[in-house]
Amino acid sequence: MGRKKREHVLELYSMPNVFLSPEGIKGNWHERYFKNNNPIIVEVGCGRGEYTVNLGRRHPDQNFVGIDAKGPRLWRGAKTFMDEEMGNGAFICGLVEIITDYFAPGEVDEIWVTFPDPQHKPSREQQRLVSERFLKLYRQVLKPDGLIHLKTDNTVFYEWAIQSFEQNQGVSVLRHTDDVDKAEDLKDIMSIRTKYEMLFREKGETIKYARIALV
Ligand SMILES: C[S@@+](CC[C@H](N)C(=O)[O-])C[C@H]1O[C@@H](n2cnc3c(N)ncnc32)[C@H](O)[C@@H]1O
């Protein structure tokens, strides 16, 4: 690990908007952290947290939490919230697998899954962040009418995701497109671009999107 990355990892321990352990926060985000009752939107596998940060800027009346296992990546997002003195954001440095340790049932309003690792090997299917295994976890923390948004560049992953959503009786697919640039209704929300999105766009990939509800 380079010097900068090491410094950022160490800094995470003292950042007031970064959680390294779930102690005391599950079920208490509104009261103990955000000090309001606004909706909570979670970005899983957030990397540098572009959706968390930019949605936070656009919607001061909503709360945003990014989760990623890689501390040096989410440091960027956490630092931006601090520099801009925005109190409506936080980051969890940890695995999405333990999301239910961090949030109580119904505490989360929406989940964003942004450019998840495709995990192409069939044996890795359950590692995909929108696999049935993860949807079961999301169901435990989402409000009954809560939404999940998926944004990806990967055609194989996207087609697999849509097919598995449609085969899952607990999922309702509300909107999907294999090219967000052609979707006028999505223009505003899709104008936020993540680091991975920029890389894939440079390679000529179209960006795909799906919005589902767990029913
Ligand atoms: C391809 S990157 C995308 C990052 C960011 N969302 C973007 O669009 O730029 C996938 C991210 O998901 C994180 N990730 C993958 N599986 C995870 C898991 N089970 N728990 C926590 N983070 C995970 C990785 O650490 C990585 O930062």
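Please bear in mind throughout that the model is predicted.

I begin with the sheet. The model has an open sheet of eight strands with mixed pairing, and the strand order is E1-E4-E3-E2-E5-E6-E8-E7. At the edges stand E1, residues 18-19, and E7, residues 171-177; each has a single partner strand, so one side of each is left without a neighbour in the sheet.

I turn now to the core. The largest nonpolar core comprises 46 residues. Those with the most contacts inside it are Val42, Val44, Val65, Ile67, Phe91, Ile111 and Val113. Let me take isoleucine 67 from that list. Leaving aside residues up to four places away in sequence, isoleucine 67 touches Val42, Val44, Cys46, Ile92, Gly94, Val96 and Ile99.

Next, helix H7. This helix covers residues 155-167, 13 residues in total, and reaches 18 Å from its first C-alpha to its last, close to the 18 Å expected at 1.5 Å a residue. Which residues of H7 are buried? They are Phe157, Tyr158, Ala161 and Phe165. Viewed down the axis of H7, these buried residues fall within an arc of 100°, so they line one face of the helix. An α-helix has 3.6 residues a turn, so residues three or four places apart point the same way. The buried residues of H7 pack against E6, E7 and E8, whereas Val156, Glu159, Gln163 and Gln167, on the other side of the helix, are exposed.

Finally, I come to the backbone of two loop residues. In general, most residues other than glycine have a negative phi. Lysine 35, although not a glycine, has a positive phi of about 60°. Lysine 35 sits in the loop between helix H2 (29-34) and E2, and is exposed, with 11 other C-beta atoms within 10 Å. Glutamine 119 is likewise not a glycine, and has a positive phi of about 50°. Its place is the loop between E5 and H6. Glutamine 119 has 16 C-beta neighbours inside 10 Å and counts as partly exposed.

Terms used
Residues numbered from 1 in each chain as written. Predicted model: local features only at pLDDT ≥ 70, side-chain atom pairs only at ≥ 80, totals over all residues. Pairing = 2+ DSSP bridges. Helix = DSSP H or I, 4+ residues; strand = E, 2+ residues; numbered from the N terminus. Core = buried A, V, L, I, M, F, W, Y, C linked by C-beta atoms within 7 Å. Buried ≥ 20, exposed ≤ 12 C-beta atoms within 10 Å, placed from the backbone. Contact = placed C-beta atoms within 7 Å. Expected span 1.5 Å × (residues − 1). Arc of directions from axis to C-beta.
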